[in-house]
Structures are given as structure tokens and as C-alpha cells.
Amino acid sequence: MKLSQILTAIFIGLSANAQTYPPADGTAGTTAIHKDSPLYVAWATGITVERGFISITNPNLTASGSNKATFGLPSDAIGYPDGNVVSLGDAGHAILTFASPIYDGEGFDFAVFENGGIAFLELAVVEASSDGIHFFRFPAHSLTQTTTQIGTFETPVATNLNNIAGKYSGNFGTPFDISELEDNALLDKTSITHIKVIDVVGSIDPDYATFDAFGNAINEAHPTPFNSCGFDLQAVGVINQATLGRDDFPKNTIKIYPNPTKDFFTIKSDEPTKMTIYDISGRIVLEQHAGPNQQVNVSSLTPGVYIVEVVLAAQGEKNAQQLIIN
Ligand SMILES: [Ca+2]
Ligand SMILES: [Ca+2]
């Protein structure tokens, strides 16, 4: 089962009457991944930006002397999310590159950071490419109503949004799982080299709207005629990064299997380890010492995404992996 299906199943289970998606950062069941999570192994290293209008429905409108967004520099979205952003403007986009490609490993593979708060989310759809030419969009879904325009200072809510960047606050990445992209001969999921982040035009006017994968206009704050309008891209964090060859893996890299699991997993290791399991919000849910190749019982944990951090007792070397319990 794909991660998205697992999560959807969980949330359908929690709210029998309505399909909803993972809630805001800080709420149980969220998939928001904090910027200091050990899951991030790298950050974007290159970027090109094409800015959009401050108001795509009124292209003559200007702010700070320009009819396009001007706030921030493209380089502000390189590296660790330090709070600085580049504003994309209506329908503007950024294409990010990486020192080493992203691959479709277990669970989430990368995350996109905006700078919003729960009280004001700004959204973007996301695409991936393995050649920098052909881009493929993650299947965005907006459950927000499409009859009343969300106003300039209003916001959609996270539980109505899936595969849409910006659904979490500035300290948390919105994660994406490459396995959710449709298979295509022009897409190599083992070597994603470019991530494209495209501002959602919040207008529900079909002449301007950004539509999700189901044909719904994605309703968000509109108009926003400011020089800092549109998606404020802060960073893209890499979770599953391809390395140049197997020899480049550290000698003591730890494997956990099976993953996903229902009840038990084994840490493959030659020496005693200290193991801590965090939920995706960073709370410790299980902590124990484990002998070589010892089984760990996780049958008491709720299905979902976890982070297993293993410290080799001798070297103190840390290794973090995603664990999916289904
Ligand atoms: Ca994946
Ligand atoms: Ca927007």
C-alpha cells in the first residue's frame, strides 16, 4: 500500500463521514516534518525563478514599482530553511536542483518549505523531473469549497489539502512521496534531478484558477497584490538522496527490515545500539537499547510514519530512517 493510501485510510478511519487529509503541524496525525528532523540529509543547491504578476487578474497593477512579485532573492530558497524566502507571485515558479539526485525510497522523499503560519497558508503545486525537460505533477487534491472566494487575508486549512506545498507552517516541510507520481517512460524515479514549485493562483474564476488533479479550483487567498505575493519559497529538503555508488555509503549504515511493518522490525547491526523512535512531529514514542540484530516490537504504535534513530554504542554514529507502520 502506498503511503498516501495508508494515511488516507487512517484519516478516513478517524472521521467516518468525511475524507480529510493530515492536519496542521502540531496536531496528532500530521505529516509535517520539522526543519531540524534527522530525516533531511541535504538541501537544494541550485535554483531558477520565473516571477509571476502581483495580480494575474489585473496585470497592470503594481507594487513597489513592479507588476511582478519582487520580494526576496532566488538564492534565499537554497540551503537550510533560515526564514528567508523568494516570493513567486501569481503562477510564478521555481525550479530547484540538487548536488545529488533524489530517489524514490521508503516513504516521503523530499519536502517543500513555505513561510506561512496556520492562520495564513499560501500554496503551490509541485512537479518532478529526471531530465530537467519533462516535468510530472504530484496529484494535488483540494477539498476546499469552490463557491466562495477565499479573501486576501483568509486561509484554507491543512485537512483539505493533499500533495500541495505550503499546507504547513514555516518551520515544517510539506513532504512528497515520488511513488505517488504516475509511471512514465520519461521519468526515472530513481534519479529526480529537478523539483518545480508552482504558485497556486487562488482565484476560483475558471479563467485564472489552478486546478487540482480532480478538476477542482484550488481556492486560497486572492487577490494578494503585494510585492511579496504568491508562494514564498523557503527551502526544499531532501530525505532520500541517491549517492554516486554503493561504496559511498558509510560502512555502518544501518538497515531496518521489514519496512513497512505491522508489529516487529529488526535492526541489522553487528553491535549494540541505542534506538529511539519519534513520531513525525518529533515526539519520542519508544526508546530502548537493542542488541545485535534484535527484534523491536512496535505493535503498540498507531499506524503512520515514524523516524527511527539508531546510535551505534561504540562510535556514537547516528543513523535515521523512516519507518512505516501499517
Ligand atoms: Ca518514496
Ligand atoms: Ca497563490
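The model is predicted, so every value below is computed from predicted atoms.

**The whole chain**

Let's start with the big picture. The secondary structure of the protein chain comes to one helix and 21 strands. Along the principal axes, the C-alpha atoms fill a box of roughly 65 × 45 × 35 Å. How does the radius of gyration agree with that of a compact globule? For 326 residues, a compact globule would have a radius near 20 Å, and the protein chain has 20 Å, which agrees. Buried residues make up 42% of the 326 residues.

**Two domains**

The chain is divided into domain 1, residues 1–248, and domain 2, residues 250–325. Their C-alpha centres lie 29 Å apart. Where the domains meet, 14 residues of domain 1 are in contact with 13 residues of domain 2. On the domain 1 side, helix H1 (3–14) and strand S1 (33–34) each supply at least two of the touching residues. The largest share, three residues, comes from H1. Sorted by class, this side of domain 1 has seven nonpolar, six polar and one charged residues.

**Strand pairing around S17**

| Pair | Partner residues | Sense | Bridges |
|---|---|---|---|
| S17 and S18 | 284–290 | antiparallel | six |
| S17 and S20 | 304–312 | antiparallel | seven |

You can trace each pairing through individual residues. Met 275 has Gln 288 in S18 as its bridge partner, while Thr 276 stands opposite Glu 309 in S20. S17 and S18 also form a hairpin, with four residues between the two strands. In that turn, Gly 282 has a positive phi of about 95 degrees.

**A closer look at Pro 59**

Is Pro 59 buried, exposed or partly exposed? Pro 59 has 13 other C-beta atoms within 10 Å, so it counts as partly exposed; a buried residue would need 20 or more, and an exposed one 12 or fewer. Leaving aside residues up to four places away in sequence, Pro 59 touches Phe 53 and Asn 67.

Terms used. Residues numbered from 1 in each chain as written. Chains lettered and ligands numbered in written order. Predicted model: local features only at pLDDT ≥ 70, side-chain atom pairs only at ≥ 80, totals over all residues. Domains from an automatic or database assignment. Contact = placed C-beta atoms within 7 Å. Nonpolar A, V, L, I, M, F, W, Y, C, P; charged D, E, K, R; others polar. Pairing = 2+ DSSP bridges. Rg over C-alpha atoms; globule rule 2.2 N^0.38 Å.
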